[in-house]
Amino acid sequence: MKCPFCEHMDTRVLDSRETDDNTSIRRRRECQGCLRRFTTYERYEETSLKVVKKNTEREEFDRSKVLRGIANACRKRPVTVSQQEAIVNSIERDLRHRGEGEVSSRQIGELVMQYLKGLDPVAYVRFASVYKEFKDVSRFADELKTLAGRTVPAVARPDEGRTAEVATTNESAPSPRGKRR
Ligand SMILES: [Zn+2]
């Protein structure tokens, strides 16, 4: 198989095993030209599964697209790539087993949220806000409040006597003075 980085034709299989759900084989490969590593999957040729988008257009289910959405939500969060792949695998298997041949993008979004909610609250809220699951601002704010109780509290600034003027839910709180890295 051709190397995706340098297009060298000779790659070596380092490791080959079934995925947790036993529906595909994952192979770790190393390019013999540039020595970079990549992963390939071998799985059944699948029957068509169409995704109905909000504008009612249909497109073929694209697992890499779903994975990309999850990866974006999980950026800098403690959710591993294999956990992210496991979510997509479960969702795809579930949808294909339904045998309906068609699913709405909204249903996919809801499934992803169910999984993320159990794994990481921040990734969940990020994903949910992208998918506009929250129908109104107040519900979104409520969700943030609930989750805030489980995350690290706002950092107090001991070297500055003034009281905080309403610390908003800004993810990147300013670092204490003079401590920039
Ligand atoms: Zn290469």
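Predicted model: local features only at pLDDT ≥ 70, side-chain atom pairs only at ≥ 80, totals over all residues.
Thr56 belongs to the loop between β4 (50–52) and β5 (58–60). With 7 other C-beta atoms within 10 Å, Thr56 is exposed.

**The chain as a whole**

So what do these loops connect? The protein chain has five helices and six strands. Walk along the sequence and the pattern reads β-β-β-β-β-α-α-β-α-α-α. Of the 181 residues, 14% count as buried. Among the contacts with a separation of 6 or more, 42% come from residues 24 or more positions apart.

**The nonpolar core**

Which residues have the most contacts inside the largest nonpolar core? They are Ile70, Val112, Leu116, Ala123 and Phe127, in a core of 19 residues. The helices α1 (63–73), α2 (81–98), α3 (105–119) and α4 (121–130) each supply at least two residues of this core. The biggest giver is α4, with five residues.

Leaving aside residues up to four places away in sequence, Val112 touches Val66, Gly69, Ile70, Ile87, Ile91 and Phe127.

**How the helices pack**

Two packed helices are described by the angle between their axes and the distance between the axes.

| Helix pair | Angle between axes | Axis distance |
|---|---|---|
| α1 and α2 | roughly 135° | within 10 Å |
| α2 and α3 | roughly 140° | within 10 Å |
| α3 and α4 | about 155° | 7 Å |

Take α1 and α2 to begin with. Their axes cross at roughly 135°, so α1 and α2 are oblique to each other. The crossing of α1 past α2 is right-handed. On the α1 side, the contact uses Arg63, Val66, Leu67, Ile70 and Ala71, while α2 brings Gln84, Glu85, Ile87, Val88, Ile91 and Glu92. Sorted by class, the contact of α1 with α2 has seven nonpolar, one polar and three charged residues.

Next come α2 and α3. This pair is oblique too, and the crossing is right-handed. Gln83, Ile87 and Ile91 of α2 make the contact with Ile108, Leu111, Val112, Tyr115 and Leu119 of α3. The residues of the contact of α2 with α3 divide into seven nonpolar, one polar and no charged. Ile87 and Ile91 turn up in the contact of α1 with α2 and also in the contact of α2 with α3.

How are α3 and α4 oriented relative to each other? Their angle is about 155°, and over 145 degrees counts as roughly antiparallel, so α3 and α4 are roughly antiparallel. Val112, Met113, Leu116, Lys117 and Leu119 in α3 meet Ala123, Tyr124, Phe127 and Ala128 in α4. The contact of α3 with α4 splits into eight nonpolar, no polar and one charged.

**Two strand residues**

Over in the strands, Ile25 is found in β2 (residues 24–31). Is Ile25 buried or partly exposed? With 13 C-beta neighbours inside 10 Å, Ile25 counts as partly exposed. Not counting residues up to four places away in sequence, Ile25 touches Ser16, Arg17, Glu18, Tyr41 and Glu42. The C-alpha atom of Ile25 is 10.0 Å from that of Tyr44, which is 19 residues away along the chain.

Ser104 has its place in strand β6 (residues 102–104). Ser104 is partly exposed as well, with 14 C-beta neighbours inside 10 Å. How far apart are the C-alpha atoms of Ser104 and Lys53? They are separated by 6.1 Å, although Ser104 and Lys53 are 51 residues apart along the chain.

Notes: Residues numbered from 1 in each chain as written. Core = buried A, V, L, I, M, F, W, Y, C linked by C-beta atoms within 7 Å. Buried ≥ 20, exposed ≤ 12 C-beta atoms within 10 Å, placed from the backbone. Helix = DSSP H or I, 4+ residues; strand = E, 2+ residues; numbered from the N terminus. Contact = placed C-beta atoms within 7 Å. Axes fitted to C-alpha atoms, helices over the stretch in contact; angles between N-to-C directions. Parallel < 35°, antiparallel > 145°, perpendicular 65-115°, else oblique. Left-handed = near helix turned anticlockwise from the far one by under 90°. Nonpolar A, V, L, I, M, F, W, Y, C, P; charged D, E, K, R; others polar.
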